[in-house]
Amino acid sequence: MNWIDNFVRPKIRSILNPKRETPENLWVKDPESGEMVFYRDLEANQWVVPNSGHHMKIKPADRLATFLDDGKYDLVPVPSVPVDPLKFRDQKRYTDRLRESRAKTGYEDSVIVATGKLHDRPITVGIQDFEFMGGSLGMAAGQGIITGLETALRNKTPFVLFVSSGGARMQEGVLSLMQMPRTTVAVLRLREAGLPFFVVLTNPTTGGVTASYAMIGDVHLAEPGALIGFAGQRVIEQTIREKLPKGFQRSEYLYQHGMVDMVVHRHNLRSTIGSLAGILTNAPANDTFTGAAQKAIAAQASLREAAVAAEGDDDIDPPAAAAHAE
């Protein structure tokens with residue numbers, strides 16, 4: 001009887017009444033409010049939580065699809081670089097980490113370069129993918145940044161770089177640090193040609209990336225609530241032996257202290273960068289910006305007020321709405 005009760009009957013029930021497989025990750029938890037949001041609603045809202053306005057990480061393909069005209073773009077191949085020149089190994093081999101990240105993201109490294117159109121004007125876009133080893137800066141990533149800058153220079157287009165990184169890649173040692181001056185020289189070449197370089201700082205942007213190309217753009221924009229800095233907050237507090245103010249190293253704080261030119265909601269990045277690119281390249285006026293300007297201003301002001309109220313940070317005054325006009 002035990003064999004019948006323990007094996008035969010459950011087997012018959014499983015055949016007659018199969019379990020319905022429920023897909024995982026249907027709901028996503030908002031890190032700020034704890035609210036559970038249906039992932040399709042997040043995807044439709046460009047991965048911005050509708051109620052709190054929290055900007056979650058967004059995949060490069062989704063970023064390009066929502067940023068460029070009709071979601072059309074062409075990926076630019078990045079020249080290959082030596083793999084694991086130091087034969088590095090910690091808990092895993094460096095080559096194994098690269099293999100896992102490539103299988104996870106579908107990209108060769110943390111920087112993706114694409115060309116397309118923004119409001120009918122050609123543009124070159126670079127994206128650092130934080131899912132690929134924390135968006136760390138290694139030889140391949142540095143070559144990707146340089147390739148994007150050289151592509152913009154060759155096509156005579158503005159270059160937009162969405163930055164998200166934890167800093168230099170330790171598995172490549174000093175070779176990763178060499179990418180800081182290499183990318184800086186490439187930025188200077190683009191500047192000499194009179195082409196604008198837009199940097200969009202997303203959450204998080206830290207380490208050697210902040211100390212190089214991420215802070216030498218012509219215009220620096222940041223998504224709301226993004227963590228931006230070089231060293232961590234605890235390291236700074238232990239060094240200066242003082243308590244840092246609320247909101248320190250967040251995009252709104254940096255805006256108030258002159259490190260960031262604009263704090264722009266993800267929904268408004270397309271129109272903001274499009275209008276700035278037109279101004280800096282002396283392009284003909286585009287009527288598509290006029291209707292969205294006032295809406296972007298109102299949305300940005302309300303978002304900032306909500307963020308200040310939620311954080312309870314009285315030390316930071318809300319920026320004037322006119323500062324974010326497209």
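Tutor: A salt bridge is a side-chain nitrogen of Lys or Arg within 4 Å of a carboxyl oxygen of Asp or Glu. The model is predicted, so local features need pLDDT of at least 70 and side-chain atom pairs count only at pLDDT 80 or more, while totals for chains, interfaces and linings use all residues. Residues are numbered from 1 along each chain as its sequence is written, and side-chain values use heavy atoms, with hydrogens and water left out.

Begin with Arg 169 and Asp 109, whose side chains form a salt bridge at 3.1 Å, N to O. The two are 60 residues apart, and the pair links distant parts of the chain: Arg 169 is in the loop between strand 6 (159-165) and helix 6 (174-177), and Asp 109 is in the loop between helix 4 (94-105) and strand 4 (111-118). Helices (H or I, at least four residues) and strands (E, at least two) are DSSP runs, numbered from the N terminus. Arg 169 is buried, with a relative accessible area of 1%, and Asp 109 is also buried, at 9%. Buried means under 20% relative accessible area, exposed means over 50%, and partly exposed is in between (1.4 Å probe, protein chains only).

Another salt bridge joins Glu 223 and Arg 266, at 2.9 Å, N to O. Glu 223 is in the loop between strand 8 (219-222) and helix 8 (233-240), Arg 266 is in the loop between strand 9 (262-263) and helix 10, and 43 residues separate them. Both Glu 223 and Arg 266 are buried. Salt bridges with shared partners join these two and Arg 63 into one network.

Asp 69 lies in the loop between helix 3 (60-67) and strand 3 (73-75) and Arg 270 lies in helix 10 (residues 269-280), so the pair ties together parts that are 201 residues apart in sequence. Asp 69 is buried at 12% relative accessible area, whereas Arg 270 is partly exposed at 23%. The whole structure has 11 salt bridges.

Asp 70 has a phi near 60°, a positive value in a residue other than glycine. Asp 70 is exposed, with a relative accessible area of 70%.

Now the surrounding packing. A contact means heavy atoms within 4.5 Å. Leaving aside neighbours within four places in sequence, Leu 201 is in contact with Glu 223, and also with Val 163, Ala 214 and Leu 221, among others. In soluble globular proteins, nonpolar side chains tend to be buried together. A nonpolar core is a set of buried Ala, Val, Leu, Ile, Met, Phe, Trp, Tyr and Cys residues joined through side-chain atoms within 4.5 Å. The largest nonpolar core has 31 residues, and Leu 149, Phe 197 and Leu 201 touch the most other members. Strand 4, helix 5, strand 6, helix 7, strand 7 (197-205) and helix 9 (251-256) each give it two or more residues. Helix 5 gives the most to this core, with 5 residues. A second, separate core of 20 residues includes Phe 67, Phe 162, Leu 221 and Leu 269.

Phe 197 is in strand 7 and counts as buried, at 1% relative accessibility. Not counting residues up to four places away in sequence, Phe 197 touches Leu 149, Leu 161, Val 187 and Leu 190, among others. Phe 197 and Leu 161 are 36 residues apart in sequence and 7.8 Å apart in space, C-alpha to C-alpha. Pro 204 is also in strand 7, and the peptide bond from Asn 203 to Pro 204 is cis, with omega near -5°.

For the chain overall, there are 11 helices and 9 strands, and buried residues make up 46% of the 326 residues. Of the contacts between residues at least 6 apart in sequence, 69% join residues at least 24 apart.
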